[in-house]
Amino acid sequence: MNKSDATKAVIMRAAIIQFTRLGYEGASVRDIANEAGVNIGLIRYHFGHKADLYRDTLAYISDQYNEVCLAALAKARSTGSAEEIIYAWLSAPITDWEDNTVAGGEEVLCFLNRMGYESPELTRDVYESHYSYALQEWQDALQAHFPGMNRADWLWCLTCLRGMYFNIVAHNNFTLWGLPAIQGKEPAIRRLAADAVALLQTYLR
């Protein structure tokens, strides 16, 4: 990693910390500069405005997230198990994340959780270009096990699954709500996957 890339990584790491703690509106460029130990001019040189920094950081970690989760999904698909498909995707940022240069897997999950509370106008372009295609691949792999569900029921189940998942993974020093960390995240995700399959199967009866 050259000096410029190293500096950008430091700034993005600081941005993730501040945006997760304070949200987009609450975090200032000065907060991020102080966290990174750089001057504001350096942030503007590398990223431009605050919105550009937010989107560039989100795009960077989304690429990492997709790579880790899609690799786990490929292995899970070979098992032919809906539970494994759910578990592999949800647990991958915790179990398989290796590059902590900008953020660890759990930090990324907390940032993505916070993203869900930001203005859609801020995140829509990055979500559509860097994040949604991989998520759709996981949803398609899972939905293939439940072909009889109508779209409304399917989206409701996914919304519930996402909410319960982030209640498990987003409770640490980066959490949105400031709640204590949940111990044993992997077993909790495994139970969630089993419960989700049981719920989904009720729609096939």
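Which residues does Lys185 touch, not counting residues up to four places away in sequence? The first close-up below takes up that question. This is a predicted model, in which local features need pLDDT of at least 70 and side-chain atom pairs count only at pLDDT 80 or more, while totals for chains, interfaces and linings use all residues. Residues are numbered from 1 along each chain as its sequence is written, and side-chain values use heavy atoms, with hydrogens and water left out.

**View A. Lys185 and its contacts.** Lys185 is found in helix 9, residues 185-202 (helices are DSSP runs of H or I, at least four residues, numbered from the N terminus). Here is the answer to the opening question: leaving aside residues up to four places away in sequence, Lys185 touches Ile94, Glu106, Ile168, Val169 and His171 (contact means heavy atoms within 4.5 Å). Its relative accessibility is 10%, so Lys185 counts as buried (buried means under 20% relative accessible area, exposed over 50%, and partly exposed in between, with a 1.4 Å probe and protein chains only). The side chain of Lys185 also reaches the backbone oxygen of Ile182 at 3.1 Å. That is a polar contact (a pair of N or O atoms within 3.5 Å; within protein, one must be able to donate a hydrogen and the other to accept it, and residues adjacent in sequence count only if both atoms are side-chain atoms).

**View B. Ser62 in helix 4.** Helix 4 covers residues 50-77 and holds Ser62. With a relative accessibility of 1%, Ser62 counts as buried. Look for its side chain reaching the backbone oxygen of Leu58, at 2.7 Å. Beyond residues up to four places away in sequence, Ser62 touches His130 and Tyr131.

**View C. A network around Arg55.** Asp52, Arg55 and Asp125 are linked in a network of salt bridges (a salt bridge is a side-chain nitrogen of Lys or Arg within 4 Å of a carboxyl oxygen of Asp or Glu). Side chains of opposite charge can pair when their charged atoms come close. Arg55 meets Asp52 at 3.8 Å, N to O; both lie in helix 4, three residues apart, about one turn of the helix. Arg55 also forms a salt bridge with Asp125, where the closest N and O atoms are 3.9 Å apart. Because Asp125 lies in helix 7 (residues 120-143) and Arg55 in helix 4, this pair ties together parts that are 70 residues apart in sequence. Partly exposed residues here are Arg55 at 23%, Asp52 at 28% and Asp125 at 41%.

**View D. Glu84 and Arg190.** In this salt bridge the closest N and O atoms are 2.8 Å apart. Glu84 lies in helix 5 (residues 82-95) and Arg190 in helix 9, so the pair ties together parts that are 106 residues apart in sequence. Glu84 is partly exposed at 26%, and Arg190 is partly exposed at 28%. The model's salt bridges come to eight.

**View E. The largest nonpolar core.** This core has 71 residues, of which Phe19, Tyr65, Ile86, Trp89, Trp138 and Leu142 touch the most other members (a nonpolar core is a set of buried Ala, Val, Leu, Ile, Met, Phe, Trp, Tyr and Cys residues joined through side-chain atoms within 4.5 Å). Helix 4 gives the largest share of the core, 12 residues. Tyr65 touches Trp89, Pro93, Trp97, Val108, Leu109, Leu112 and Tyr131, not counting residues up to four places away in sequence.

Conventions. Helix = DSSP H or I, 4+ residues; strand = E, 2+ residues; numbered from the N terminus.
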